[in-house]
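Please look over the sequence and the structure shown here before reading on.

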Amino acid sequence: MKYYSLNDYDIKASFKSAAITGIAPDKGLYFPESIPQLDAEFIKNIEQYSNTEIALRVITPFIGDEIPQHILKKIVEETLSFDFPTIEVEKYIYALELYHGPTLAFKDVGARFMSRCLNYFTQDENKKITILVATSGDTGGAVASGFLGVEGINVLILYPSGKVSNIQEKQLTALGQNITALEVDGSFDDCQDMAKQAFLDEELRNINLTSANSINIARWLPQMFYYFFVYKQLKHLGKPLAVSVPSGNFGNICAGLMAKKIGLPIAHFIAATNVNDTVPRFMETQDYKPSPTIETLSNAMDVSNPSNFIRILELFGKRFESLELELSSNSFSDPQTLATISKLYKEHNYLADPHGAVGYLGLKQYMDENPNYTGIFLETAHPVKFPESVEKELGIKIPVPKSLQPLLKKEKSSICIKSYNELKDYLLL
Ligand SMILES: *Cc1c(COP(=O)(O)O)cnc(C)c1O
């Protein structure tokens, strides 16, 4: 499979080159040159296949022969080494829990898949790659854990000092090995600016710097798997499925829409956002107008200019009439989010995190007008990661999962930096 740049269809790259560089030379996002079609028999009999078998079938056409099947199979197996349960919350309303991976965030799947692909691609060339990521919390942890111990790859994580939770900080700073945490005296925006500057810096050309955000196709595409897993689990209910995705950079929902294009029968998608509502407004007015980013409780979705939205437009041939048939989008405030966390816990005995609560709200709003569906909202992070909102709102203490406890006992280790020049000196070391 070849990928073209969304800025210039003549710029093309292999899966390998697109995965290593992340972004096209003209700064465009990569997009697959053709949309593969899955065999209808496979979809019909999906219950008979394991998650690994499904994922392998789904991803293979996007990679072609660039990774041999037996290695790709191993990559997929390692990527999916945990559960993706659907929990019934109300009659015909389900949560798809994507937070049972090592860092309790759905980004684990993309990060694990990408790290193993890069590991395969660098092996034969004796190449070293440095991954540089700026994080406001969740992404950094998933990337650090996904790349931990992967040979040929160094990971540098920029995070804002004092602005991530205790669990998140341990996930960034206590792993050791090939992971280095750079603690920035500043905000998340400062971290992101430093990373951007490094990617543009001519003097750093000789270092193979790459990013690990959802712009990278190797992180974006494996997110299609979730939608096949939920279909496999809920198809027997016999109703069309509507899936609500709490969205920030719109990578996850774009993967869901891609899953549908290659043959998965999901009837409708809902992109639920917090008050950073550029896309819900676009769906009303067809006018794409990002406004300044607002901080919210669902902070992994505090994005006002979602990078992946351009891929969604491409997927629908830039025809708004086709897009609006398959995608709805709506936005919700922090007070609504808190009230929902409370309602879900008290009335349905379900513990949601702020992102999942936004997803639930989006689903309910859609199903109020379109009741004949089985509705699914994605739960993208474990509630224990958001004590400030969840525990405070409910007045309870959420036990920290056992899998996390060894990490919490480890020592934090970070390098403090104040300016871009300090980052650059470190990279040139
Ligand atoms: C990243 C993230 C999201 C948003 O996903 P996108 O693919 O950026 O839309 C939602 N919830 C959580 C917990 C996240 O970490």
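A cavity is a set of points, on a 1 Å grid over the protein atoms alone, where a 1.4 Å probe fits but cannot get out, and its volume is the space filled by probe spheres set on the points, which are joined across faces, edges and corners. This is a predicted model, in which local features need pLDDT of at least 70 and side-chain atom pairs count only at pLDDT 80 or more, while totals for chains, interfaces and linings use all residues. Residues are numbered from 1 along each chain as its sequence is written, and side-chain values use heavy atoms, with hydrogens and water left out.

**The cavity**
- The structure holds 1 cavity of 30 Å³ or more, and the largest cavity has a volume of about 30 Å³.
- Its lining residues (those with an atom within 4 Å of a point) are G248, F250, T273, N276, T278, V279, P280, V303 and P306.
- Helix 12 (residues 278-285) provides the largest share of this lining, 3 residues, where a helix is a DSSP run of H or I with at least four residues, numbered from the N terminus.

**The second largest pocket**
- A pocket is an open set of points with protein on both sides within 12 Å along at least five of seven lines, and the second largest pocket has about 240 Å³ of space.
- Of the 14 residues that line the second largest pocket, T130, N154, L156, I207 and L427 lie nearest its centre.

**Helix 11**
- Helix 11 (residues 251-261) is mostly covered, with 9 of its 11 residues buried, that is, under 20% relative accessible area with a 1.4 Å probe and protein chains only.
- Helix 11 is followed by G263, which has a positive phi near 130°.

Methods: Helix = DSSP H or I, 4+ residues; strand = E, 2+ residues; numbered from the N terminus. Buried < 20%, exposed > 50% of the residue type's maximum accessible area, 1.4 Å probe, protein only.
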